[in-house]
Protein chains: 2
Amino acid sequence: MAFHYPNGTPYSNHEAITHKKQGKKAPTQFGKRGMDFEEEINQSNAYYLNHNTAVIHKKPTPVQIVKVDYPRRSAAVIKEAYFRQASTTDYNGVYNGYYLDFEAKETKNKTSFPFKNFHQHQIKHIQNCLVQKGICFILIWFSSLNRCFFFSGEDLVSYWLEQEKTGRKSLPLSLIEELGIEIKLGIAPRIPYLKAVEQYISTRSIQS
Amino acid sequence: MAFHYPNGTPYSNHEAITHKKQGKKAPTQFGKRGMDFEEEINQSNAYYLNHNTAVIHKKPTPVQIVKVDYPRRSAAVIKEAYFRQASTTDYNGVYNGYYLDFEAKETKNKTSFPFKNFHQHQIKHIQNCLVQKGICFILIWFSSLNRCFFFSGEDLVSYWLEQEKTGRKSLPLSLIEELGIEIKLGIAPRIPYLKAVEQYISTRSIQS
């Protein structure tokens with residue numbers, strides 16, 4: 001399979017997403033503060049895959065393709081396309097018989113995680129997956145604090161619904177510390193989030 | 001969320017994929033024979049989602065984005081991008097606590113299903129998911145016969161590995177009839193493949 005990139009260098013899809021956000025609204029300065037959170041998650045997933053621990057992939061950015069050229073002797077070129085809104089979360093896969101589904105989000109806030117990081121359809125997707133007994137969660141990276149948390153889908157949905165009534169605009173860090181599971185960064189994988197998933201599963205089975 | 005399409009009409013992503021295939025090799029005349037198999041699967045998934053039966057989505061076509069324009073007052077336009085090879089199967093999701101992972105393929109062959117419909121990396125992905133106790137399978141549509149089959153990931157992998165030794169280039173229909181589960185088309189959903197999944201799960205639990 002030959003893929004033709006200009007200058008032979010692959011373009012970072014993640015950068016394109018960042019550009020997209022910047023094009024749509026005022027540039028939000030998430031990330032790029034020593035650690036690219038999404039890239040670290042992707043590398044952790046690669047580690048888990050290579051070690052037969054789990055099969056988790058990031059979904060491709062959804063794109064609406066309008067015009068494609070087919071030059072002779074080279075790869076098809078998409079000449080016009082538009083970003084579409086995703087209808088699901090970014091990551092899903094399978095771990096030891098469990099369906100995992102999650103979003104990875106970062107903030108430079110120091111005291112809370114803003115709800116504006118989520119769309120209604122993502123919350124709806126998490127609700128749907130919970131009905132099907134999937135393991136749903138978010139991974140939150142506080143870039144200014146260098147702290148990473150697992151926060152369950154059940155808790156996210158519950159506070160999201162409360163927020164719709166109370167108008168509260170964020171999840172306080174104190175609440176995330178209380179209900180979530182802190183993930184200590186490692187070497188390989190850098191973000192060992194499956195430990196938190198295991199802890200969540202074991203706590204849940206004690207409760208039920 | 002406003003998405004700007006030329007003439008206001010959304011472009012079918014599926015068509016773009018067809019074009020892509022045609023651009024890469026001689027036009028294969030799969031599909032368009034009374035039923036668009038992929039579209040029928042997508043509609044069946046929408047039915048399952050709306051009825052809280054399962055959450056299964058087709059993954060977006062992976063695209064390597066090279067150049068993006070940001071015109072004022074309108075959506076970002078991707079001006080140069082290339083199709084990438086997918087590293088997974090097309091469909092996955094969760095059904096009653098089970099992780100489901102599958103490919104939907106069609107052929108106009110009448111007596112066998114050619115292995116050339118698969119890539120090595122898809123087989124590898126299915127193997128990885130099976131290790132994690134996922135439910136993996138392919139849905140095969142024989143367009144000339146109007147017959148649809150569920151064929152398990154275990155059987156696919158097993159015959160794929162055999163094929164690498166023997167050079168056999170396809171799965172005979174007789175084998176698919178014997179090992180697979182035929183899916184009778186319905187109205188809603190049009191392709192009730194979860195019935196076959198249920199049958200597969202119950203057979204499997206008797207065996208183990």
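Visitor: What are the ground rules here?
Guide: This is a predicted model, in which local features need pLDDT of at least 70, side-chain atom pairs count only at pLDDT 80 or more, and totals for chains, interfaces and linings use all residues. Residues are numbered from 1 along each chain as its sequence is written, chains are lettered from A and ligands numbered from 1 in the order in which they are written, and side-chain values use heavy atoms, with hydrogens and water left out.

Visitor: Why is Asn96(B) called partly exposed?
Guide: Buried means under 20% relative accessible area, exposed over 50%, and partly exposed in between (1.4 Å probe, protein chains only). Asn96(B) has 35%, so it is partly exposed.

Visitor: Why is Asn146(A) called exposed?
Guide: Its relative accessible area is 55%, so Asn146(A) counts as exposed.

Visitor: Which residues does UniProt list for "binding site"?
Guide: The unreviewed entry lists Thr88(A), Asp90(A), Glu103(A) and Gln122(A). They span 35 residues in sequence, yet no two of their C-alpha atoms are more than 9.4 Å apart, so they gather at one spot. UniProt positions use the numbering used here, feature names are shortened, and annotations may be inferred rather than shown by experiment.

Visitor: How do you know whether Thr88(A) is buried or exposed?
Guide: Its relative accessible area is 5%, so Thr88(A) is buried. Thr88(A) lies in the loop between strand E3 (77-83) and strand E4 (91-95) of chain A.

Visitor: What is Thr88(A) in contact with?
Guide: Contact means heavy atoms within 4.5 Å. Leaving aside neighbours within four places in sequence, the partners of Thr88(A) include Lys59(A), Glu103(A), Gln122(A) and, from the other chain letter, His57(B).

Visitor: What makes the link between Thr88(A) and Lys59(A) a polar contact?
Guide: A polar contact is a pair of N or O atoms within 3.5 Å; within protein, one must be able to donate a hydrogen and the other to accept it, and residues adjacent in sequence count only if both atoms are side-chain atoms. The side chains of Thr88(A) and Lys59(A) are joined at 3.2 Å.

Visitor: Why is Glu103(A) called buried?
Guide: Glu103(A) has a relative accessible area of 2%, so it is buried. Glu103(A) is found in strand E5 (residues 98-107) of chain A. Its side chain reaches the backbone nitrogen of Asp90(A) at 2.7 Å.

Visitor: How does the span of helix H3 of chain A compare with the expected one?
Guide: The expected span is 1.5 Å times one less than the number of residues. H3 (residues 120-131) of chain A has 12 residues and reaches 17 Å from its first C-alpha to its last, close to the 16 Å expected. Its buried residues include Gln122(A).

Definitions and conventions. Helices (H or I, at least four residues) and strands (E, at least two) are DSSP runs, numbered from the N terminus.
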